[in-house]
Amino acid sequence: MSQVSLTAFSRFLGLFRWAFMPLGLLALIAVGVHAAADTLDDRLLTLVDACDAAFDQLVSRHPLTEPLVDLLSLERRTLLARVLALVWELSADAVLALPALGYREGPSDAKGDTWRGVLRRCLWAPTTLRWCRPLATALVVVAGACVVARLVQGTVYLSWRELLGEPVADGVARILALAALGGLLWRLGARAVLRNLQHADAASAEHARGFLRALSHGLPGSAVVVPLALAAALDATPLHSFLR
C-alpha cells in the first residue's frame with residue numbers, strides 16, 4: 001500500500017474520531033470500575049453476613065419470629081452481595097463514565113476548559129464535585145489501564161514463550177505491557193480525567209454556589225465513586241507487577 005493510500009485511509013478514520021474517542025474514554029473508565037468492583041465482592045459478602053447475623057440474633061429472641069432465623073441461606077447471601085456489587089458498579093459507571101460521552105476535541109481556550117483554567121477554579125473555588133470526581137476518575141482509569149496491560153502481558157508471554165524462550169518472552173511481554181499502560185494513560189486516561197473535571201466544573205458553576213451548596217451538590221454520587229476509587233487504587237492497580 002502506497003504512502004498516499006495510507007494517508008488517505010488515516011484521514012478517513014480521523015473523520016470518526018468524534019465517535020471513537022468518547023467511546024474509548026467510556027470503555028477505559030468502565031473497565032477500571034469493573035476491576036474495582038471485583039475486589040469488593042468479598043467485602044460486601046462479609047457485610048451481608050454481619051447484617052444477617054445481627055438480624056438472626058434479633059429475631060431469635062421471640063418465638064413468633066424465630067422461624068426467620070434461616071431466612072437468608074449462604075447461597076442467598078452470596079447472590080445478594082453480587083447484586084449489591086453490580087448495582088454499585090453500574091451506579092459508578094453512570095457517575096464517571098457517562099460524562100465521557102460529552103468529550104469533544106477542538107480549541108477550548110475561550111471557554112476556559114483547559115487544564116490550567118479548570119485547575120485554577122478547583123483551587124480558588126473548591127467544591128465536592130471539582131475534587132472528588134476527577135480524582136476518582138484518575139484512580140479508576142489507572143486500574144483500567146492496568147487490566148489492559150496485564151492482558152497484553154499475558155497474551156504476548158503465552159504466545160511467544162515457545163518461540164523465544166521464557167526469559168525473552170517475559171521481558172518482551174513486560175515491555176509491551178508498560179508501553180500499553182503508558183499509551184492508554186497518555187492518550188485516553190488524561191482525557192478522561194479532564195472530561196470529568198470539565199463536567200464537574202460546569203455543574204459546580206451552575207449549581208454549587210455558596211458554601212453549603214458547594215459541599216452538598218454531587219455528594220451522593222461522590223459517596224458512590226470514592227470507595228470504588230480507593231478500592232481501585234489499593235487492590236486493582238498492580239503497577240509493581242510489571243516491574244518485578
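Q: In which loop does Leu68 lie?
A: Helices (H or I, at least four residues) and strands (E, at least two) are DSSP runs, numbered from the N terminus. Leu68 is in the loop between helix H3 (41-59) and helix H4 (74-97). This is a predicted model, in which local features need pLDDT of at least 70 and side-chain atom pairs count only at pLDDT 80 or more, while totals for chains, interfaces and linings use all residues. Residues are numbered from 1 along each chain as its sequence is written, and side-chain values use heavy atoms, with hydrogens and water left out.

Q: How is the accessibility of Leu68 classed?
A: Buried means under 20% relative accessible area, exposed means over 50%, and partly exposed is in between (1.4 Å probe, protein chains only). Leu68 has 35% relative accessibility, so Leu68 counts as partly exposed.

Q: Which residues does Leu68 touch, not counting residues up to four places away in sequence?
A: Contact means heavy atoms within 4.5 Å. On that basis Leu68 touches Phe55, Asp56 and Val59. Phe55 is 13 residues from Leu68 along the chain, and their C-alpha atoms are separated by 8.9 Å.

Q: How many salt bridges does a search of the whole structure find?
A: A salt bridge is a side-chain nitrogen of Lys or Arg within 4 Å of a carboxyl oxygen of Asp or Glu. The search finds six. One of the pairs is Arg77 with Asp52, whose closest N and O atoms are 3.4 Å apart. This pair links distant parts of the chain, with Arg77 in helix H4 and Asp52 in helix H3, 25 residues apart. Both Arg77 and Asp52 are buried.

Q: With which residue does Arg121 form a salt bridge?
A: The partner of Arg121 is Asp201, and the closest N and O atoms are 2.9 Å apart. Arg121 lies in helix H5 (residues 115-124) and Asp201 in helix H7, so the pair ties together parts that are 80 residues apart in sequence. Arg121 is partly exposed at 27% relative accessibility, whereas Asp201 is buried, with a relative accessible area of 5%. Leaving aside neighbours within four places in sequence, Asp201 is in contact with Val118, Arg121 and Arg130.

Q: What separates Arg174 and Asp170 in helix H7?
A: The two are separated by about one helical turn, because Arg174 and Asp170 are four residues apart in helix H7. Their side chains meet in a salt bridge (3.0 Å, N to O). Asp170 is partly exposed, with a relative accessible area of 27%.

Q: Which residues do salt bridges that share partners join into one network?
A: Asp49, Asp52 and Arg77 are joined in this way.
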